[in-house]
Amino acid sequence: MASAWYLAEAGHEVSVVERQPSAAMETSFANGGQISAGHAEPWAKPSVLPKILRWLGREDAPLLFRARPDWAQWLWGLRFLVECFPGRFEHNRRALAGLARYSRDCLRELREKAGLRYDHLSRGILHFATDGHDFEVLARDAEAARALGIERQVKSAPECLALEPALRESEVPVTGGVYTPGDESGDARRFTEELARLAARRGVRFRYDSVVRSIQRSNDQVTGVLVDDVTLESEAYVVALGSYSPLALKPLGVSIPVYPLKGYSITLPLGPEHAEAAPTVSLTDEAHKIVISRLGNRLRAAGTAELAGYDTAVSPLRCAAIARRVVNLFPALRSITSYDSWAGLRPATPGNVPIVGRTQLSNLFLNTGHGTLGWTLACGSGRALADLVSGRRPQVDFGFAH
């Protein structure tokens with residue numbers, strides 16, 4: 001949707017083909033809701049390697065590998081391990097940091113200009129630890145991040161509880177954390193729906209309930225897209241199909257290292273009695289790799305990464321594990337007996353660095369592979385893509401595909 005918006009703003013005539021009946025019905029439907037520019041780091045990092053061994057065989061592990069007879073899955077997994085090495089991690093962190101800050105600025109400008117409302121809170125993100133070693137790692141990472149111009153404030157346990165008083169009742173003691181005051185939270189679904197409404201008013205044409213059957217090419221160009229039984233023709237084409245991008249590109253001979261990382265979320269309804277018991281600062285729980293965001297009178301908790309192909313079935317066990325952690329952290333929420341469960345596919349590259357730019361086909365562009373940072377990077381990626389399609393140099397330093 002960000003691609004469509006910024007392309008239209010740049011003066012292009014834009015048509016969006018979407019298989020769902022409306023916007024934000026898949027990956028953006030119920031994700032964690034963080035704009036985490038200050039924490040824009042890949043999952044693939046040195047500190048994850050020893051944890052992967054401990055997580056093997058655990059059904060509730062933050063990162064779960066469900067082996068399938070799928071070469072793409074195994075190749076992605078091997079590449080992920082390579083990206084965990086220090087040199088690769090530093091390279092990927094630098095790439096993400098610049099794009100994330102640019103994207104956050106683009107989002108703020110868009111929100112102010114368009115008057116978007118999506119339960120957003122600009123109260124920062126507190127990345128907290130409940131283990132002494134984890135806190136030491138977070139503190140070291142914060143120092144390295146500051147060298148990249150990222151504002152991360154190391155906070156003691158009392159300072160964390162002062163920032164988010166709801167954590168004072170936690171059954172698991174907080175040992176410390178890192179706070180990024182410039183980060184935000186909100187409902188990505190409402191944001192996307194609002195942007196779609198404004199884009200339609202701006203002239204973007206939407207073909208909902210429409211399935212892309214194939215992308216047609218001749219020599220080094222795309223000549224059309226078969227949508228249901230109609231061929232659509234254009235001067236330029238953008239594939240922003242999330243986890244399904246590599247499947248659409250494969251018949252064209254275009255290969256990209258994107259594979260779905262299945263994530264889960266639960267959304268708890270908050271009554272008046274929960275107003276003080278639920279957090280308002282967006283949180284990241286280092287031990288369980290879940291994020292928690294306040295969305296008006298709802299609380300969203302999301303996390304885990306599961307390599308399970310294109311399966312989108314909801315695992316009650318995985319959602320129950322998230323729910324247990326939430327009530328451990330906020331015992332007063334134990335009175336909430338029901339919640340909405342959801343699972344979605346994050347389009348991830350092994351290093352979590354997205355693929356934005358031109359392919360070897362001269363009029364085919366990509367905007368995919370954003371992994372766990374989809375909303376954080378959305379506006380910056382969309383604006384940069386519009387610059388590339390328009391023949392302009394983007395305003396952010398990033399390794400765009402070409």
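The open sheet I would like to start with has 3 strands in the order 12-19-18, with mixed pairing; two strands count as paired if DSSP finds at least two bridges between them. Its edge strands are strand 12 (237–239) and strand 18 (355–358), each of which pairs on one side only. Neighbouring strands of this sheet are turned by 20° against each other on average, direction ignored. Axes here are lines fitted to C-alpha atoms, for helices over the stretch in contact, and angles run from 0 to 180 degrees between N-to-C directions. Helices (H or I, at least four residues) and strands (E, at least two) are DSSP runs, numbered from the N terminus.

A word on the basis of these values. This is a predicted model, in which local features need pLDDT of at least 70 and side-chain atom pairs count only at pLDDT 80 or more, while totals for chains, interfaces and linings use all residues. Residues are numbered from 1 along each chain as its sequence is written, and side-chain values use heavy atoms, with hydrogens and water left out.

Within the sheet, strand 18 and strand 19 (residues 364–368) run antiparallel and are joined by 4 bridges. Arginine 358 stands opposite phenylalanine 365 of strand 19. Helix 10 (residues 374–389) lies across strand 12, strand 18 and strand 19, and runs at about 170° to strand 19. Contact is defined as heavy atoms within 4.5 Å.

A further open sheet has 3 strands in the order 9-10-11, with antiparallel pairing. Strand 9 (212–218) and strand 11 (230–232) stand at its edges with a single partner strand each, so one side of each is left without a neighbour in the sheet. The twist averages 30° from one strand to the next. Strand 10 (residues 221–227) pairs with strand 11 over 3 bridges in the antiparallel sense, and valine 225 has leucine 232 of strand 11 as its bridge partner.

I turn now to the aromatic rings. How many aromatic pairs does the structure hold? There are 9, where rings of Phe, Tyr and Trp (its six-membered ring) pair if their centres lie within 6.5 Å, and planes under 30 degrees apart count as stacked, over 60 as edge-to-face and the rest as tilted. Tyrosine 244 and tyrosine 310 have ring centres 5.1 Å apart and planes at 45°, so the pair is tilted. Tyrosine 244 lies in the loop between strand 12 and helix 8 (245–249), and tyrosine 310 in the loop between strand 16 (298–307) and helix 9 (316–329), so the pair ties together parts that are 66 residues apart in sequence. At 23% relative accessibility, tyrosine 244 is partly exposed, as is tyrosine 310 at 27%; buried means under 20% relative accessible area, exposed over 50%, and partly exposed in between (1.4 Å probe, protein chains only).

Phenylalanine 398 and phenylalanine 400 have ring centres 5.1 Å apart and planes at 65°, so this pair is edge-to-face.

The criterion is NZ of Lys or CZ of Arg within 6 Å of the ring centre and within 35 degrees of the ring normal. The charged end of arginine 202 likewise sits over the ring of tryptophan 5, 5.0 Å from its centre.

Finally, alanine 4 lies in helix 1 (residues 2–9), and counts as buried at 6% relative accessibility. Leaving aside neighbours within four places in sequence, alanine 4 is in contact with Val14, Val16 and Val204.
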